[in-house]
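Please read these points alongside the sequence and the model.

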Amino acid sequence: MLEVNAVPALSDNYIWIVATGDSKHVAVVDPGEAEPVADHLAQHGLKVGAYLITHHHGDHVGGLKTLLAEHPAPVYGPAAEADRIGGLDHRLTGGDRFTLDFLGAAFEVIDVPGHTLGHIAYATEGVLLAGDALFRAGCGRVFEGTHEQMQRSLARLKALPDDTRVYGGHEYTQKNLAFAKIVDPGNTAIDAAIEHVDALRGQGRPSLPGLLAEEKRINPFLRWDDDDVRAAASRRAGRELNDPGEIFGVLRDWKDAI
Ligand code: ZN
Ligand code: FE
């Protein structure tokens, strides 16, 4: 069974540390900053077995060079962003599979363009390392791709098993839930999530991971096929919407405007 631990970094990033009880070696996901990772490794007597990168943004790769100097290990990341990231040993695209022997775990690579064009996610054993594609109750901004592309990316993630735990790259959950409530005010699953997340944050704990089964009930960016969400997006657009990409796009623009 994999353990995934959060190392908070920068203002609201999480660097995920994937471990097993059986090994001192861990995988470090999206090291946006070196020092908190180095501290975590020292504190727990851990060694880096691999670095997994989801996309090229500085808050996900900014600590990589410094960490590699002290903790050399193979770097996995998106082939399409290899030049911008630098130092990739394994250039990945959707459908690729690889095993990290030190974790005894097989990973599947999923293409999730939209936030960036080369963005990938990693799925293994009920764990989704989603980068800035999917957050708890929200999703990443669409910086490089189109709304249609991002919606198709999220549809791929939505198709994973319900018991998948989703580890996104940022602690945005309270703001995401506030927006979810605006879109879908009658949804009591959102109220329950707000209560739960407020309690976690009140204790200084991460609100992540989300559980995919819950995301399907509360995350407006996965709910283009829900009647209430579609109606809310249609009201916002001032016309009847049916296309998933369009519904997603209206919701994304709506959130960006708040
Ligand atoms: Zn990003
Ligand atoms: Fe980010």
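1. Which residue in β5 does L52 stand opposite? L52 stands opposite Y76 in β5. This is a predicted model, in which local features need pLDDT of at least 70, side-chain atom pairs count only at pLDDT 80 or more, and totals for chains, interfaces and linings use all residues. Residues are numbered from 1 along each chain as its sequence is written, chains are lettered from A and ligands numbered from 1 in the order in which they are written, and side-chain values use heavy atoms, with hydrogens and water left out.

2. The open sheet has 6 strands in the order β1-β2-β3-β4-β5-β6, with mixed pairing. Helices (H or I, at least four residues) and strands (E, at least two) are DSSP runs, numbered from the N terminus. Two strands pair if DSSP finds at least two bridges between them. β1 (3-9) and β6 (90-92) are at the edges with a single partner strand each, so one side of each has no neighbour in the sheet. On average, neighbouring strands are turned by 25° against each other, direction ignored.

3. Strand β4 (residues 47-52) has 5 of its 6 residues buried (under 20% relative accessible area, 1.4 Å probe, protein chains only). β4 pairs in the parallel sense with strand β3 (residues 25-29) over 5 bridges, and V48 in β4 is the bridge partner of V26. From β3 the chain crosses through helix α1 (residues 35-44) to β4 in a right-handed β-α-β crossover; with the strands pointing away from the viewer, the path from the first strand over the helix to the second runs clockwise. With strand β5 (residues 75-78), β4 pairs in the parallel sense over 2 bridges.

4. The axes of helix α5 (residues 147-158) and helix α10 (residues 244-256) come within 8 Å and cross at roughly 105°. Axes are lines fitted to C-alpha atoms, for helices over the stretch in contact, and angles run from 0 to 180 degrees between N-to-C directions. The helices α5 and α10 are therefore roughly perpendicular (65 to 115 degrees).

Technical notes: Parallel < 35°, antiparallel > 145°, perpendicular 65-115°, else oblique. Buried < 20%, exposed > 50% of the residue type's maximum accessible area, 1.4 Å probe, protein only.
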